[in-house]
Amino acid sequence: MPEPFDLRGRRVWVAGHRGMVGSAVVRRLASEPCEVLTVDRAALDLRSAADVLAWMGRERPDAVVVAAAKVGGILANATAPADFLHDNLAIQDAIIHGAFRTGVEKLVFLGSSCIYPKMAPQPIREDSLLTGPLEPTNEWYAIAKIAGIKLCQAYRRQHGCDFVSAMPTNLYGPGDNFDLRTSHVLPALMGKIHAAKAKSGGPVEIWGSGTPRREFLHVDDLADAVVFLLRTYSEDEHINVGSGEDGTIRELADLIAGVVGYAGGFTFDGTKPDGTPRKLMDVSRLHARGWRHRIDLRDGVAATYRWFLENRAA
Ligand code: GFB
């Protein structure tokens, strides 16, 4: 298959390079023969369409990875709906429209597995999009991400832009958010289990029932998939990116406890939401194109715990 997009000598803007995903994409692009562009939040507010257009007009990226987004765990999503809807719509609209106006040749927009209906058949295929009601805790974020997919499709159809969308499953890894109020489950449990072990305490509280099933992908695998798609994917339909394997939140807690060396047990807080009961991606389209994840969950959690100990642990 010929490579539709050659990275040699190209200027690739990674929007959101300070985040967990963007920083992983920057690390991954370091081994490619391209030039990586980044801009700090203080220098450019990505929600400002005029400022983004002016910056892109000056810097002239050939390709863009849209890794900039307001993200958070189940509680942050449920309690700040305006931020999750407005900020994400504004950021992606500014960047995608700016890419069209400045003649960007290739753009990869990153969404999330929460775009799919709450009760989508599992594993979730790409064509489940817009076939049923969303999970209420994150519908604001999901609506923004669905609009991002549609914006890429609209520019492709109306103007022939090579803009594609990738939907990663739940991600984790170095640079994750360990703030318990806003984090996702994996860093939250890692932080709580670490703190309990350090105090020889416990039990650790797990939100909800522990029975929801989630799929996790290490962010370095996601970054590798993004570069793969940047080079080779050029379709109207978005594509799922995941490991194709899931487990319960309780199983995740046990795995993290094993990595941390914690034996103090768990309790379950039924006042906190479970969210969607299961969110396993069907990754057969990505596999058929020749990409598979490499980092096993246990190895990825162990590596992330080492990163946490070196960078975040109190
Ligand atoms: O990772 P998480 O916050 O997001 O929660 P979602 C996953 C599951 O873990 C839920 C449970 O059932 C939580 O109730 N959980 C247990 C915990 N203990 C904890 C804890 O201490 N902290 C957190 N955060 N969860 C998000 C969406 O959904 O997934 C976003 O809200 C985004 O929009 C993201 O799509 C990938 O998987 O439920």
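Guide: A pocket is an open set of points on a 1 Å grid over the protein atoms alone, with protein on both sides within 12 Å along at least five of seven lines; a cavity is a set where a 1.4 Å probe fits but cannot get out. Lining residues have an atom within 4 Å of a point. This is a predicted model, where local features need pLDDT of at least 70, side-chain atom pairs count only at pLDDT 80 or more, and totals for chains, interfaces and linings use all residues. Residues are numbered from 1 along each chain as its sequence is written, and side-chain values use heavy atoms, with hydrogens and water left out.

Visitor: How much space lies in the second largest pocket?

Guide: About 220 Å³. A volume is the space filled by probe spheres set on the grid points, which are joined across faces, edges and corners.

Visitor: Which residues that line this pocket are closest to its centre?

Guide: Of 14 lining residues, Phe216, Glu245, Asp246, Gly247 and Leu297 are the closest. Strand S8 (213-218), strand S10 (246-248) and helix H8 (249-260) each give two or more residues to the lining. These elements are DSSP runs numbered from the N terminus: helices are H or I, at least four residues, and strands E, at least two.

Visitor: What classes make up that lining?

Guide: There are 5 nonpolar, 4 polar and 5 charged residues. Glu and Asp count as charged, Phe and Leu as nonpolar, Gly as polar. So Glu245 and Asp246 fall in the charged class.

Visitor: What lines the largest cavity?

Guide: Its lining includes Ser113, Cys114, Tyr116, Glu135 and Arg278. The space is about 60 Å³. The whole structure has 2 cavities of 30 Å³ or more.

Visitor: Which helix gives the most to the lining of the second largest cavity?

Guide: Helix H4 (residues 81-101), with 3 residues. The lining of this cavity has 5 nonpolar, 2 polar and 1 charged residues. Lys145 lines it and Lys counts as charged, so Lys145 is that charged residue.

Visitor: Why do S2 and S9 stand at the edges of the sheet?

Guide: The order is S2-S1-S3-S4-S5-S9, with parallel pairing. Strand S2 (35-37) and strand S9 (239-241) each have a single partner strand, so one side of each is left without a neighbour in the sheet.

Visitor: How do you know that S1 and S2 pair?

Guide: Pairing needs at least two bridges found by DSSP. Strand S1 (residues 11-15) and S2 have 3, so they pair. Leucine 37 in S2 is the bridge partner of tryptophan 13.

Visitor: What does helix H1 touch?

Guide: Helix H1 (residues 20-29) touches S1, S2, strand S3 (63-66) and strand S4 (106-110). Contact means heavy atoms within 4.5 Å.

Methods:
Axes fitted to C-alpha atoms, helices over the stretch in contact; angles between N-to-C directions.
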